[in-house]
Structure formats: C-alpha cells, structure tokens
Amino acid sequence: MITNNINNNKKYSDEELIFQFQKGNEHAYLELVNRYKDRLLNFIFGYVHSKESAEDIVQDTFLKLYTSADMYKEIAKFSTWIFTIAANLAKTELRKLKRRKIFSITDMGFDDKDYEIPSESNVPENSINSKYQMKYILKAIYKLDEPFKTALILRDIQELSYEEVSNIVDISIGTVKSRINRGRLKLQKILKNENK
Amino acid sequence: MNCYRFETLISDYLDNNISHSMKGEVEKHLGECPNCRAKLEDMKQILHSLHRLPKLQTSANFNEKLMEEIEHRKSKKKFIFKQFVYKYSQPLSTAAAVIILLFGVYYIYNSIFPNMPNQKISTSEIQNNILNPTQLSQPANNSINNLQKKPQYVKAENDDSSETNKDQRNNFENKIKMVNKEK
C-alpha cells in the first residue's frame with residue numbers, strides 16, 4: 001500500500017503506481033512523473049529537435065496521463081502506454097509545424113545550446129574511446145529517415161525491448177528488427193562519410 | 001554466407017538474438033572476411049556511443065509548472081460548469097416546467113377521455129346484419145352506453161348512387177346464400 005510519503009524504501013512498479021493513482025493517490029502520479037520526465041524529454045527531442053518544444057510536449061503527455069489515467073488497462077506495460085501517448089503528441093506537433101512551415105534555425109539543425117554535451121575532457125578515461133564524437137552521432141541520427149530514427153532512438157537510446165518498440169510504433173516485431181538493422185547500417189554509413 | 005547476408009544479420013548477432021547454428025555461420029564468415037570484421041567492430045562502437053549519449057534533463061521547475069497547469073484546468077472546469085448553469089438555468093427550468101405541464105395535461109386528458117376499444121365483428125354478425133340490420137350486436141362495454149350511439153353502417157357522405165349500392169348488396173346477398181347452400 002503506497003502511503004503519502006513516497007520516500008519509503010520500497011520501489012513500486014510503474015503498474016502499481018498507476019493503479020494507485022487511479023484510486024486517487026496523487027503522490028503515485030508524481031512518482032511516475034519523476035521517473036519518466038527525462039526519458040520522455042530525450043525521446044521527444046528526437047522528433048522536434050528543440051528542448052523547449054520537447055518539454056512542452058512532455059508536459060502535455062503528463063496532463064493527458066492525469067486526465068485519462070482511467071483508460072490504462074493492464075494489457076500493455078505502462079512504459080509502452082506513456083511512450084505511445086508522447087509519440088502521438090510529438091507527431092501531431094510535427095504535422096502542425098509542417099502546416100505552418102515555421103522552422104527556426106534551431107529546429108532545422110543541431111544547436112549546441114539546446115543539447116548539452118560534455119566536453120572531451122569530462123569523458124572518463126576508462127571509458128571506451130569512441131572515434132565518433134557525440135555531436136556527430138546526434139547529427140547523424142537526425143539525418144536518418146523518420147521510421148529508422150524512431151526505432152533507433154527507442155531501442156538504442158531509450159533501451160526499450162523489441163516488443164515495447166513494436167507496441168509503441170504499432171508495427172510487427174519483424175519490422176522493428178528490420179528497421180533497427182537498416183537504421184544502424186545507415187547511421188554507420190553517415191558517420192563514415194562525416195569522418196572522411 | 002556472404003557479406004550481404006552478414007549485413008542483414010549484424011544487428012541480430014550484436015543483440016544476441018540469433019540461433020546457435022546461425023551464430024556459428026556468422027562467426028565462420030567473420031573469421032574469413034576482414035571487411036565484415038571491421039564493420040562489426042565499428043558497429044559495436046556506434047552502439048556503445050548511443051547507449052552513453054548524455055541525456056537531456058527537464059527544467060528545475062518542471063513539476064511545479066505541471067501541477068500549476070493541472071490546478072488551472074481543474075478550476076477552469078468548475079468555472080465552465082458554473083457559467084453553464086448560470087447562463088442556461090432560466091431557459092432550462094422553463095423548458096422543464098413546460099414538459100411537466102404537457103405531461104400533466106396528457107395524463108388528465110387520458111383520464112377523462114379514455115380510448116374506445118375497436119369492435120371486432122365476426123362473419124356471422126356481418127351476415128346477420130345484411131339480412132337483419134336491426135339485430136346487429138351491441139358492444140358490451142357499459143361506458144360506451146353513456147356516449148351517443150353511432151350507427152354501425154354509415155352512409156358515405158358523397159354517395160349519390162343509391163341504386164348502385166342496392167345492386168351491390170343484392171349481389172353480395174346472393175353470394176352468401178350460395179355459400180350457405182354449399183355448406
């Protein structure tokens with residue numbers, strides 16, 4: 001039983017928290033917000049390329065969670081459900097942007113101000129030396145076509161399972177695997193060209 | 001296995017999502033093909049970088065802004081409901097009063113003037129009526145006796161062809177007689 005003091009040691013699952021919120025426990029809702037706000041931000045940033053817009057969409061996602069919590073049933077994992085809501089809102093926002101044709105320079109390209117990247121000196125020495133700088137990897141990801149980019153972000157950055165990706169994007173697991181494989185190969189090709 | 005086939009399996013191999021026999025084939029090819037070996041190592045580095053990408057963080061006041069918005073929407077809902085009630089209370093109450101009044105009138109009318117039941121007349125009664133119109137059976141309902149008695153057969157208002165009607169009746173009588181004879 002979740003009490004109002006959410007700082008107890010027991011870690012409740014996401015599904016337990018949403019069920020508690022459905023019964024009226026707002027502390028359970030806040031715990032879910034704390035667990036998912038950053039993950040969703042990074043996920044939606046992949047769509048809109050603007051931290052400000054991404055944060056607005058994350059706010060909308062949690063507002064929708066607040067008003068529509070009763071719609072959650074234990075058919076799918078909570079993470080799948082919340083990521084699906086966020087993805088739909090992000091796509092809606094992208095469609096609006098395309099219709100209005102309002103693109104700032106920040107939105108069109110990669111801007112260091114929107115995305116903080118640790119400098120080379122901050123990278124721990126015992127980490128594997130990657131020949132690809134973070135900045136170029138991000139740029140390369142955003143150059144990918146949308147189906148591959150989404151699959152890659154969900155699988156390789158958000159570290160969701162194939163099944164979760166399949167449910168969020170509403171495609172078969174076979175298609176997920178194919179998109180991830182092709183996305184990775186395309187990413188590799190883009191990075192190779194960038195490095196030349 | 002060729003290099004093209006290896007490319008289609010590289011992700012499954014890295015994710016360890018491959019059958020034992022297929023894994024053997026891949027590793028055999030890797031032993032023979034330096035290009036594919038280099039490609040695999042390169043892909044490993046890319047995946048490692050992707051997993052270690054620094055993560056964005058939400059603003060410090062994210063939660064505060066969210067709860068403010070929730071409270072704002074809650075109060076907006078109450079406000080909208082109050083506005084609705086205030087704006088439409090008078091017409092709604094008038095409409096409700098009219099409906100109640102209509103129901104009342106309908107109920108009272110039905111109590112005073114209940115519907116008359118339809119009188120079903122059998123074939124034999126028709127026969128009797130044709131031969132002896134005065135012997136037509138009367139409805140048993142006593143309440144009807146309180147009303148002005150209506151004739152069972154009413155002459156059509158615009159019927160000027162009385163001769164034609166008489167002929168038709170005679171023909172019908174003859175037909176009845178023939179049917180009775182056959183029985």
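**View 1. The side chains of T150(A) and E146(A) are joined by a polar contact of 2.5 Å.** In this predicted model, a polar contact is a pair of N or O atoms within 3.5 Å, where within protein one must be able to donate a hydrogen and the other to accept it, and where residues adjacent in sequence count only if both atoms are side-chain atoms. T150(A) belongs to helix α7 of chain A, residues 146-157 (helices are DSSP runs of H or I with at least four residues, numbered from the N terminus). With a relative accessibility of 6%, T150(A) counts as buried (buried is under 20% relative accessible area and exposed is over 50%, with a 1.4 Å probe and protein chains only). Leaving aside residues up to four places away in sequence, T150(A) touches Y47(A) and V169(A), contact being heavy atoms within 4.5 Å.

**View 2. D170(A) has a positive phi of about 65°, although D170(A) is not a glycine.** This residue sits in the loop of chain A between α8 (162-169) and α9 (173-195), and D170(A) is exposed, its relative accessible area being 68%.

**View 3. N16(B), which is not a glycine, has a positive phi of about 55°.** In chain B, the loop between α1 (3-14) and α2 (20-32) holds N16(B), and with a relative accessible area of 56% N16(B) is exposed.

**Notes.** Residues are numbered from 1 along each chain as its sequence is written, and chains are lettered from A in the order in which they are written. Local features need pLDDT of at least 70 and side-chain atom pairs count only at pLDDT 80 or more, while side-chain values use heavy atoms, with hydrogens and water left out.

Terms used. Helix = DSSP H or I, 4+ residues; strand = E, 2+ residues; numbered from the N terminus.
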